[in-house]
Amino acid sequence: MASTLTAPTLGGHLLLGNLRALQREPLRFNPRVTSQLGHVVRVRAFPGVYLYLVTHPKDVERVLQTNQHNYRKPDLFIKPVSMLAGMGILTSEGDLWLHQRRLMQPGFHRAKLAALAGLMAQSAQSAAERWSALAKQNATIDAAHEMMRLTLKIVSVALFSTDISADADRLGHAVRETFEHVSYRMNHAFSLPESIPTRRNRRFKQARLLLDEMVFGLINERRRTGEDKGDLLSMLLAARDEDTGEGMSDLQLRDEVMTLILAGHETTGAALSWTWYLLSQNPEARSKLQAELDQVLNGRAPALDDLERLPYTRMVFAESMRLYPPAWGLPREAIGDDTLGDYHVPARSLVNLSQWVTHRHPDFWEKPDEFDPERFTPDRSEGRPRFAYFPFGGGARQCIGNNFALMEAQLAIATLAQQFTLDLVPGHPVEADPTFTLRPRYGLMMTIKDR
């Protein structure tokens, strides 16, 4: 029987409700409200409009999996993100999303990923060689920038057979510029449209143009040569609609390639950045990680077959994503009425699932703010709700590249952590920036030393 109970409600300002707090400090606001009012909280955004903060794993599971057909990505997410990613699998809905997902899924099957492991390891080793020269100079590095460069190299080589990381500085700046604008538009629905040449809009258009030139360059070059390199781009170019026999247009290709580049390097790069920070703040965990790498690898480069024998390395990355999930919140819109927890959620309500809150919830995580990779051992994971941890989302729309990212991260950590020790520069400010993905706001300046 459907519930008629109204969830505990946070009223807020007469006109603006809680919009300012939601926009300016969501990483503080969401945990505070949840701790005060419970697992389902009705938050007034502005007159007549409410947002439901949902944090219990059972309710997260209902939204993402068991009743997923009742929830869609809301327009307040789709419209701003589509300005950058078009209608790729991140933003599309319904039949278009299903068609594109089925088209791309073979590129992420286990056998395909196994063939990419060597390219990932080579990319990480290339970074290690550069780091070795920097360590000899007693240099400091921005670990966040370094990880973005590395993951850009991996995703472009592995999926598109082209290394675009030489332009990492320009492309990285363009990505940050576009993400900041998309985040702004998500939080300011009534801002001036992009057709008005404000300073903000001009910066966004310039950054998007640079990214478009890069993506269309990849597509045009491959169309020109007609070469089948066996990568994801070749697979997308060769794909044909079952009914019409038509291939994907350049615009469709652009949207999917852009989505994969942005998601494939930005999210993993952010998670790896936080990994180096957390290891620097937890020397005991770092020592355990290095001991495992020394025992299993004994100085050689890691390979795919090594990953099963590096469980602590895998748990280090899992714990990093628990504390600093790159996708820190998932917005949804209820299509029809539903019940979450004990409470009625009306049709067309906005629902926000928060990895940031659920991953740190004391009901499901002992000492939740501590960095403890061994909380992911089989013994300690037993009995933990499935959706107490969902860095890649869940259900049918779980991130298509989750296994790609996990393999990439484990190989990168294994390659670099066995050769180098990174320590945060004393006094360097560290703050999580929830501008779309969860990046370190001021980068991560760290000293690099050979082990």
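Guide: Start with a helix pair. Helix 6 passes helix 16 in a right-handed crossing. Keep in mind that this is a predicted model.

Visitor: What angle do helix 6 and helix 16 pack at, and how far apart are their axes?
Guide: The angle is about 35 degrees, and the axes lie 9 Å apart. Helix 16 covers residues 402-417.

Visitor: Which residues of helix 6 and helix 16 meet?
Guide: From helix 6, they include L113, L116, M120, Q125 and W131. From helix 16, they include N403, F404, M407, E408 and L411. By class, this contact has 14 nonpolar, three polar and one charged residues.

Visitor: How many bridges join strand 10 to strand 13?
Guide: Five, and the two strands run antiparallel. Strand 13 spans residues 445-450. As one example, L424 has M446 as its bridge partner in strand 13.

Visitor: Let's go to the core. How many residues are in the largest nonpolar core?
Guide: It has 108 residues. Among those with the most contacts inside it are W131, W276, F404 and L422. Helix 11 (residues 250-281) gives the most to this core, with 13 residues.

Visitor: Which residues is W276 in contact with, leaving aside neighbours within four places in sequence?
Guide: A143, M147, I413, L416, A417, L422 and M446. There is also a second, separate core of 16 residues, which includes V60, V345, V351 and L353.

Visitor: V351 and L353, where do they pair up?
Guide: In strand 9 (residues 350-353), which pairs with strand 6 (residues 330-334) over four bridges, antiparallel. R332 stands opposite V351. L330 has L353 as its bridge partner.

Visitor: What's the order of that sheet, and is the pairing mixed or antiparallel?
Guide: Six strands run in the order 1-2-3-9-6-4, and the pairing is mixed. This sheet is open too. Its edges are strand 1 (9-10) and strand 4 (71-72). Helix 2 (residues 26-37) packs on it, touching strand 1, strand 2, strand 3 and strand 9.

Visitor: How many residues of strand 6 are buried?
Guide: Five of its five. L330, R332 and A334 point one way, and P331 and E333 the other.

Visitor: What is the bridge partner of R72 in strand 6?
Guide: E333. Strand 4 and strand 6 pair antiparallel over two bridges.

Visitor: Last one, S183. Buried or exposed?
Guide: S183 counts as buried, because its relative accessibility is 12% and the cut-off for buried is under 20%. S183 sits in helix 8 (residues 168-187). Not counting residues up to four places away in sequence, S183 touches P434, T435 and F436.

Note on methods
Residues are numbered from 1 along each chain as its sequence is written. This is a predicted model: local features need pLDDT of at least 70, side-chain atom pairs count only at pLDDT 80 or more; totals for chains, interfaces and linings use all residues. Side-chain values use heavy atoms; hydrogens and water are left out. A nonpolar core is a set of buried Ala, Val, Leu, Ile, Met, Phe, Trp, Tyr and Cys residues joined through side-chain atoms within 4.5 Å. Buried means under 20% relative accessible area, exposed over 50%, partly exposed in between (1.4 Å probe, protein chains only). Contact means heavy atoms within 4.5 Å. Two strands pair if DSSP finds at least two bridges between them. Axes are lines fitted to C-alpha atoms, for helices over the stretch in contact, and angles run from 0 to 180 degrees between N-to-C directions. A crossing is left-handed if the near helix is turned anticlockwise from the far one by less than a right angle, and right-handed if clockwise. Ala, Val, Leu, Ile, Met, Phe, Trp, Tyr, Cys and Pro count as nonpolar, Asp, Glu, Lys and Arg as charged, and the others, Gly among them, as polar.
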